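Welcome! Let us take a friendly walk through this structure, one step at a time.

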Amino acid sequence: MSEPSPHREGFGVKSAHRALGLTDHEFELICEKMGREPNGVELAMFSLLWSEHCAYKHSKKLLGKLPTEGPRVVMGPGENAGAVDIGNGYSIAFKVESHNHPSAVEPFQGAATGVGGILRDVIALGARPIALLDSLRFGEPDTERTHYLVDGVVRGIGHYGNSMGIPTVGGEIYFEPPYEQNPLVNAMCVGIARTDEMVRAAAAGTGNKVVLFGSLTGRDGIGGASVLASAELDEGDDAKRPTVQIGDPFEEAKLLECCQELLAGDLLVSLQDLGAAGLTSSAGEMASAGNTGIDIDVGLVPLREADMEPFEIMVSESQERMLAVVEPSKVDQVLALCTKWQTASAVIGEVTDSGTFRILKNGETVGEIEIDDLVDGCPLYDLEPEEPTDWTYQNRVSIESDAGPSDIALALLASPSVASKRWAFEQYDSIVGSRTVHRAGVADASVLDIPESNRAIAVAIDGNGRRVACDPFQGTIEATLECAANLAVVGAEPLGVTNCLNFGNPEKPGVAWQLGRAIDGLAEACRALEAPVVGGNVSLYNETPQGPIYPTPVVGMVGELPDPAKVAGENWREGDSIALVGPFDPSLAGSELEKQLGQLGKGLPVREITPVKQAIELVREAVRSGGIRTATDVSDGGVTTALAELAIASGTGCETNLAPVLARRECSDEDALFGEGPGGFILAGEKSELEKLGGQGVDFELIGEVTGNEIITNAGSLKVEVLVEEAEAAFDSLEDRIESDQAGLTH
Amino acid sequence: MTWGVLQFPGSCDERDALNACQIAGGGGPDQARLVWHEETDLSGLDGIVVPGGFSYGDYLRAGAIARFSPAMTAVADFAAAGGPVLGICNGFQVLCESGLLPGALLTNERTRFICRQGDLVVGEADSPFLTGLEADQTISIPFKHQSGRFFAPPELLDRIESNNQVAFRYAPGHNPNGSVNDIAGVTNEAGNVLGLMPHPEHAVEAFSGSTDGLAIFQGPALTATGGAA
């Protein structure tokens with residue numbers, strides 16, 4: 001390390017706050033609120049809770065635009081996770097969260113603890129996690145760094161989820177140059193709870209005890225939220241590795257079962273996980289939500305290292321810890337259950353009515369902050385957005401402009417973002433829990449059986465940063481519609497949305513503009529779909545000296561369906577008819593092909609939401625009726641890619657003609673074959689079943705049939721003609737590209 | 001038939017195993033219960049499942065710590081008295097570590113965790129768990145593990161083979177981990193203890209794509225009533 005660590009020295013020195021990420025103005029504001037300068041403990045606590053990661057100081061004002069209410073919402077933003085009613089007294093809790101910067105610095109532990117953190121958010125609600133999904137972004141898979149990151153992240157996700165016994169049922173992986181140095185690791189957890197047993201995170205009851213349980217508190221992850229999560233990454237970041245937390249899924253597995261027993265025994269007043277900013281954040285937010293005060297004695301915290309300073313204990317981000325408020329008469333039972341599950345526990349403090357967060361060490365006060373100042377006192381900033389006039393990202397050519405349609409089709413299938421991710425999904429346990437109807441990679445959405453409520457849920461996660469970079473508003477609408485479309489093809493109706501907004505430095509006008517427009521788009525799409533946003537996460541400062549990442553809002557959606565037995569699979573059969581349904585109006589703008597041609601630019605065509613929504617509803621009902629063999633939405637790589645993926649899944653080809661599309665739209669032959677955009681569905685099944693979908697106010701055309709061993713698609717003067725096995729070889733080619741030099745890795 | 005499903009800290013598939021036992025028995029919650037790792041009284045139980053997961057985090061070595069639990073001492077007595085014991089995945093590892101089954105499970109050849117549906121061929125072993133299955137029959141059962149490569153030194157392997165203790169082999173092309181002789185599951189010499197890496201408890205409901213695992217859970221009851229497939 002070239003500079004002195006702010007955590008070991010420098011307190012009392014005027015500039016310590018800067019090293020901790022606070023501006024001079026923010027420091028002055030703290031002094032003003034306190035009527036004095038903060039001491040070391042207090043400054044450390046402020047620096048974390050006033051960080052971007054905890055205070056959302058650049059995004060909070062914008063997030064107010066999102067629709068958060070709906071008849072099925074049980075818990076909305078502000079709780080550890082959102083929750084929607086699923087019937088019969090049960091709720092589904094879910095949330096997505098990022099662990100981008102830790103994964104950039106140490107991919108295995110960064111990803112593992114990202115999974116561990118999102119699991120605890122759902123556990124803290126009183127829910128049992130039943131599924132995980134991941135949305136990952138890396139640079140192009142031709143660099144050693146990408147290989148290193150992919151390997152570590154995929155293993156880290158598998159390590160934690162598999163060991164916990166929570167199935168990883170879905171997700172997506174995109175490879176784009178702007179993520180090369182700053183990968184994205186967003187993890188989503190879905191859980192189930194009896195609605196009347198769910199707990200809130202608000203402290204209550206003066207005199208109630210505060211119990212810390214789980215792993216011992218050590219020095220790992222100190223300052224992670226402020227140092228890693230709230231600043232840009234730069235060259236010397238390997239030196240930040242000590243601020244990455246270390247995950248122990250075995251501890252968390254015990255913690256999960258312990259929490260379930262504590263809740264079943266009605267032993268807890270409230271429960272909160274310890275994540276970013278550790279005890280400071282958990283205890284502070286509990287007290288804030290409950291309008292109470294709280295005393296914490298760091299001398300009572302079970303430690304991994306005996307000589308830890310009070311500030312270290314207060315900001316440690318050691319994983320696998322939970323904080324509970326317990327009535328005094330129930331403390332013994334709580335501690336006994338912790339002992340049963342072989343997890344450390346201790347009473348470390350008390351709920352007070354003081355409105356103050358008091359830190360003691362063996363009874364002596366070492367810090368005292370008004371809860372309001374700490375939790376809600378951080379200034380919120382207005383962004384200064386300015387729309388960039390040009391395309392600000394690079395273009396690279398990976399396919400020649402004179403390539404023929406069949407070669408293009410194969411190149412698109414082999415494109416890292418399109419190609420099969422089975423090699424990654426197979427490293428995850430996707431079936432533990434006995435709920436998984438559709439495993440990762442089998443359908444556009446994963447389907448989980450919920451016998452408690454006599455139905456199933458479908459979950460999907462989506463976000464195409466490239467398209468959002470082209471047009472943040474339209475691109476984010478598309479990401480949200482894509483999620484709903486993924487649910488529709490398994491017959492599910494959206495219940496609620498979670499999101500993770502991954503952007504660059506919001507203090508830069510271009511990024512500020514992207515963020516604002518993306519939130520506007522998310523709000524508009526969610527309102528149109530009547531899908532409330534019940535929780536989420538913002539990850540800013542995702543940029544390096546090479547520039548910002550693509551703006552990447554990742555949308556997670558949970559929906560319900562009545563009968564998992566009627567879910568359409570991906571296996572069409574010889575002789576099935578194929579239909580293209582929906583207002584799909586293909587364009588190369590922002591498409592996978594345009595990327596490969598090195599011709600990306602600003603702007604996406606504007607598409608209305610309402611007709612897409614109508615198509616989504618029609619497809620959903622058709623799938624629910626059980627008459628559809630296969631349904632998929634048209635996504636990356638356009639109609640040809642969608643058809644090829646269905647052909648590969650079943651081993652049977654198809655012969656189609658897109659003439660009806662060309663007649664209806666003003667698109668070119670190439671647009672019809674490879675263009676992208678919202679609102680397109682490919683359905684296959686008996687002709688008589690498909691024809692029922694015509695004449696219902698949604699564009700519908702039969703485009704061909706399932707036959708032979710070739711994928712043949714005609715569009716005007718262009719014709720794609722490839723063998724299914726050629727297509728499959730291209731589609732399965734990514735694993736070799738990713739793993740080619742695994743053996744030689746020295747990182 | 002009442003099953004006991006062991007639960008260690010870090011077990012993952014114990015509820016799935018309970019579910020499978022209940023379905024195999026025709027439904028009803030009284031057909032299986034969890035057995036906490038500290039319990040030593042197995043009276044009233046007709047069969048034991050040592051389930052999958054990561055007991056004790058797989059720290060030290062998969063199954064190496066769980067074998068010392070009080071419940072495993074009781075399971076050893078239960079097995080010695082001829083009671084049917086089924087070890088699945090981590091349970092197989094625990095049974096090998098306990099010496100109740102021969103051989104060891106090593107890290108997969110490719111070192112990665114792998115989860116996939118695969119085909120198994122039923123072996124010649126004489127075991128109550130195989131009563132409902134025919135030798136050479138192919139069944140579809142998912143597997144998911146990182147340390148599933150069955151290994152036995154040559155002499156022991158010869159004995160396992162010549163005693164007909166191989167209960168399941170991976171079908172040609174389906175060996176995911178480099179197991180010697182494609183062995184996916186073995187029994188003890190008496191046949192009443194079976195361990196296998198694939199997960200029959202995840203192949204008992206139609207929506208999962210296969211119900212081939214049910215026969216394994218139904219086997220002991222069939223045997224007890226003198227039935228045959």
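A polar contact is a pair of N or O atoms within 3.5 Å; within protein, one of them must be able to donate a hydrogen and the other to accept it, and residues adjacent in sequence count only if both atoms are side-chain atoms. With that rule, 10 residue pairs are found in polar contact across the interface of chain B and chain A, both residues being at pLDDT 80 or more. What you are looking at is a predicted model, in which local features need pLDDT of at least 70, side-chain atom pairs count only at pLDDT 80 or more, and totals for chains, interfaces and linings use all residues. Residues are numbered from 1 along each chain as its sequence is written, chains are lettered from A and ligands numbered from 1 in the order in which they are written, and side-chain values use heavy atoms, with hydrogens and water left out.

Let us stay with the place where the chains meet. Counting contact as heavy atoms within 4.5 Å, chain B brings 28 residues and chain A brings 33 residues. Buried area is the accessible area (1.4 Å probe) that two parts lose on being put together, summed over both; for chain B and chain A this is about 2500 Å², with 52% of it on carbon and sulfur atoms. The interface also holds 5 salt bridges, a salt bridge being a side-chain nitrogen of Lys or Arg within 4 Å of a carboxyl oxygen of Asp or Glu. One of these links B:Arg116 to A:Glu426, with the closest N and O atoms 2.8 Å apart. On the side of chain B that touches chain A, helix H1 (14-24), strand E6 (114-122) and strand E7 (138-145) of chain B each supply at least two residues. Here helices (H or I, at least four residues) and strands (E, at least two) are DSSP runs, numbered from the N terminus. The most comes from E6(B), with 4 residues.

Side chains of opposite charge can pair when their charged atoms come close. Take A:Arg517 and A:Asp520, whose side chains meet at 3.9 Å, N to O. Both sit in helix H19 (residues 509-529) of chain A, and because they are 3 residues apart there, about one helical turn separates them. A:Arg517 is partly exposed at 31% relative accessibility, and A:Asp520 is partly exposed at 22%; buried means under 20% relative accessible area, exposed over 50%, and partly exposed in between (1.4 Å probe, protein chains only).

Which parts of chain B does the salt bridge between B:Glu97 and B:Arg61 tie together? The closest N and O atoms of B:Glu97 and B:Arg61 are 2.7 Å apart. B:Glu97 lies in helix H3 (residues 90-98) and B:Arg61 in the loop between strand E3 (47-50) and helix H2 (70-80), so the pair ties together parts that are 36 residues apart in sequence. B:Arg61 is partly exposed, at 46% relative accessible area.

Of its 9 residues, 7 are buried, so H3(B) is largely enclosed by the rest of the structure. Among the buried residues are B:Phe92, B:Val94 and B:Leu95. After H3(B) comes B:Gly99, with a positive phi near 80°.
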